[in-house]
Amino acid sequence: MTDWQDAEFRGERFTGQEIVGERLLDVTFYDCDLSAVQLVDVTMARAQFVRCRMSGLVAANVKAIDVVFDDCKLDEANFRFSTWERATFTGCDLSTAEFCSARLATSRFEGCMLHGTDFDKASMTGTRLHGSRLDGVRGGEALRGVVIGSDQVLPLSMAVFGALEISIDDD
């Protein structure tokens, strides 16, 4: 196992790389391309990703504490079975990303695009979704315990109604 510790990367291209068994500790990535990167058995603590392109990232089974994603493109990312504690996603495009069976304890999605994002069987108690686009979110039953703003009630209700097989019929 190798550590990436106290490092800063600017404009680097990691496209398609496989990173196995690494620990990313106190690292920052600015304007990097991590598209289609596979993180296998990776642990992250106090890592930051700023304005990074991370389309198709595979971060299944990742364990992360105090990790920040700021203004990143994370569409179609795979975060299945990952564990996030105090993670912050700000202004990120997470369209059609998958957080199936992920644990997102006290995490934040602030101003993110979550259209089509799948939270099926995720544990999200205490997760805050303020300012995020929630239309088309999947896995509504996993949203138990999340915190939203009043402007998010209608878009989120559709995901919850779908998960609970509630029909709306005016007849």
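These legends accompany close-up views of salt bridges and a cavity in a predicted model.

In this predicted model, local features need pLDDT of at least 70 and side-chain atom pairs count only at pLDDT 80 or more, while totals for chains, interfaces and linings use all residues. Residues are numbered from 1 along each chain as its sequence is written, and side-chain values use heavy atoms, with hydrogens and water left out.

**View 1. Asp-26 and Arg-46 form a salt bridge.** A salt bridge here is a side-chain nitrogen of Lys or Arg within 4 Å of a carboxyl oxygen of Asp or Glu. In this pair, the N to O distance is 2.7 Å. The bridge links distant parts of the chain, 20 residues apart: Asp-26 lies in the loop between strand E4 (23–25) and strand E5 (28–30), and Arg-46 in the loop between strand E7 (43–45) and strand E8 (48–50). Strands (E) are DSSP runs of at least two residues, numbered from the N terminus. Asp-26 is partly exposed at 27% relative accessibility, and Arg-46 is partly exposed too, at 44%. Partly exposed sits between buried, under 20% relative accessible area, and exposed, over 50% (1.4 Å probe, protein chains only).

**View 2. Arg-51 meets Asp-31 in a salt bridge.** Here the closest N and O atoms are 2.9 Å apart. This pair also joins distant parts of the chain, with Arg-51 in the loop between E8 and strand E9 (63–65) and Asp-31 in the loop between E5 and strand E6 (38–40), 20 residues apart. Arg-51 has a relative accessibility of 41% and is partly exposed; Asp-31, at 40%, is partly exposed as well.

**View 3. Asp-66, Glu-85 and Arg-86 are linked in a network of salt bridges.** Within this group, the side chains of Arg-86 and Glu-85 come together at 2.7 Å, N to O. Arg-86 is partly exposed at 38%, and so is Glu-85 at 32%.

**View 4. Ten nonpolar residues line the largest cavity.** A cavity is a set of points, on a 1 Å grid over the protein atoms alone, where a 1.4 Å probe fits but cannot get out; lining residues have an atom within 4 Å of a point. The count comes to one cavity of 30 Å³ or more, and the largest has a volume of about 40 Å³. That volume is the space filled by probe spheres set on the points, which are joined across faces, edges and corners. Among the lining residues, look for Trp-4, Phe-29, Phe-49 and Met-54.

Notes. Helix = DSSP H or I, 4+ residues; strand = E, 2+ residues; numbered from the N terminus. 1 Å grid on protein atoms, 1.4 Å probe; cavity = no way out; pocket = protein on both sides within 12 Å on 5 of 7 lines; lining within 4 Å. Nonpolar A, V, L, I, M, F, W, Y, C, P; charged D, E, K, R; others polar.
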